[in-house]
Amino acid sequence: MLLLIFAPLWGVLAQLQQSDRLEIPTSSSSSEQFEVFSLGERGILSVIRGNEFSNRNEQWEFVKYDTTLKALWRTSYKLDFRYIPVMAYKAEESGYWLFAEPDTDKFLFLQLNFQDGSIDTYKGNLLSGVDVQHFKVIGSKALVSGYYRSRPIVIVHSFFDHTTRVLPGLFEKNTELNNVDINEIDGYINVITYAYRKKNCVFEIKTYNYDGKLLKRTSLSDPRYSFISGQIVPLNPDDSYLIGNYSVGCTQYSQGLFVTHISDDTPEEPQFIEFSELQNFFNYMKPKRRARVLEKIGKRKSLGKENRFRYRLLVHQLIQTEKEIVLVAEVYYPNQRSTSPIISGGMSRPYVARALEGYRYTHAIVCGFDRSGKLMWDNTITIKDLTSFDLQEMVQVTPVDDYFVLAYPQEGEIHTEVISRNKVVVETEKFKINPKSEKEKVLNNEDGYLSPWYGQYFLAYGMQRIGTSSVVQGREVFYVNKLTYKTDDIGKMEAKEEASRPGHQP
């Protein structure tokens, strides 16, 4: 396999480079779906689901590649046609897939060892008619959570003795599941819920041990605000921070961010950070509109009136470093109806096709907190005309040296911006995803995705039709591109700018 390096051609500061590329031809004899999962410095895993027209069973092919996109092993599994895929989960050493037999209580778990590609399967009887929202694995137990008869439920299934139990204290009406968080180091399971009680919204964390025993219950409630989402940052077994977003009243429209310290099961007074308190939140607007909005906000504050925002936020998993905690969230709104794509954007997403609306993204915020939970800086990346079939993370944020590279895919191009905390050091740039052969060109792009890989490397993947000329039909391929962002020249340019400032002492 020839691996070509394509140097970018867009401006002096362009630093995104395409090094390796993998092209997998699509099959004309089956209906296929394609997935890519990052394994960090151990490589990537590709999954192709093919349903041959002559066979009722679905063929699943798993292939592991190293960081140069060279195949290390491949294995396949024939899925009984009676089962449908529900969700997948990636652990440190293995990947897990959950399958269900519709209208029954029969479930199938598939475990794939990332080291050698060996497969183990486990069958279990859970509950019939569960609308699965989350699927995770801790130790040798699967956590399947969702709604049963419109009430939240978390089911724990042991792979070894095939026992199944339901976590206590969750099956309540007017309650929504927010997240199921696992702490593998301490063996804790945190179930986060959002409940409507007596015209008030209560955000609650129930903590269970590995055996499913309820250890403690932490409730957050405020007379003015409602907590929409929260992520736990553990400090030790008894202390943690909770960081998320909040609203005014019991709505899903975000008003800002919050941080609170929790000691054992007692939360301290939360710190509420309204969007207007962020320095760069409204930078996605054109200058004149931004000035009008800020002026209106200032007038309302001077009159003692509360600002009301109607932003929907998709909050990412927190990025944690030794010195800081970084929150990334995309602002979106529902768009036109769409059909399900044939390429999936990662694990922990439902496989079952739902009649969802499409979503349009406007901008993403990046906020840095120190290890004591204090907001230190914020920044914003503008997203132009980006839509997605499903609500999923589109903007990827990767720490590279002392910078953060913000990037998202759109119509065969990667849009990037580089920030140094609250300062933009490289404005938005666009880079094309090129074919492997210089003799070919991209004729059509479909379902492009981007995800962080390891270090300064990204993965760009999707489907393209490529050929030598636009007058021919060309061939359709699933592609995976290894991208890297070089920040060396940024530092040199910053040093040059600093040296050229008046009064600078060499």
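**Exercise 1.** How many nonpolar, polar and charged residues are in the lining of the second largest pocket?

*Solution.* Remember that this is a predicted model, where local features need pLDDT of at least 70, side-chain atom pairs count only at pLDDT 80 or more, and totals for chains, interfaces and linings use all residues. Residues are numbered from 1 along each chain as its sequence is written, and side-chain values use heavy atoms, leaving out hydrogens and water.

Step 1: A pocket is an open set of points on a 1 Å grid over the protein atoms alone where a 1.4 Å probe fits, with protein on both sides within 12 Å along at least five of seven lines; lining residues have an atom within 4 Å of a point.

Step 2: Sort the 20 lining residues by class: seven are nonpolar, nine polar and four charged. Here Ala, Val, Leu, Ile, Met, Phe, Trp, Tyr, Cys and Pro count as nonpolar, Asp, Glu, Lys and Arg as charged, and the others, Gly among them, as polar.

**Exercise 2.** Find which residues lie nearest the centre of this pocket, and which strand gives the most to its lining.

*Solution.* Step 1: Thr387, Phe389, Glu411, Asp447 and Gly448 lie nearest the centre.

Step 1: Strands 27 (375-388), 29 (403-410) and 32 (441-452) each give two or more residues to the lining. Strands are DSSP runs (E, at least two residues), numbered from the N terminus.

Step 2: Strand 32 gives the most, with five residues.

Notes:
Helices (H or I, at least four residues) and strands (E, at least two) are DSSP runs, numbered from the N terminus.
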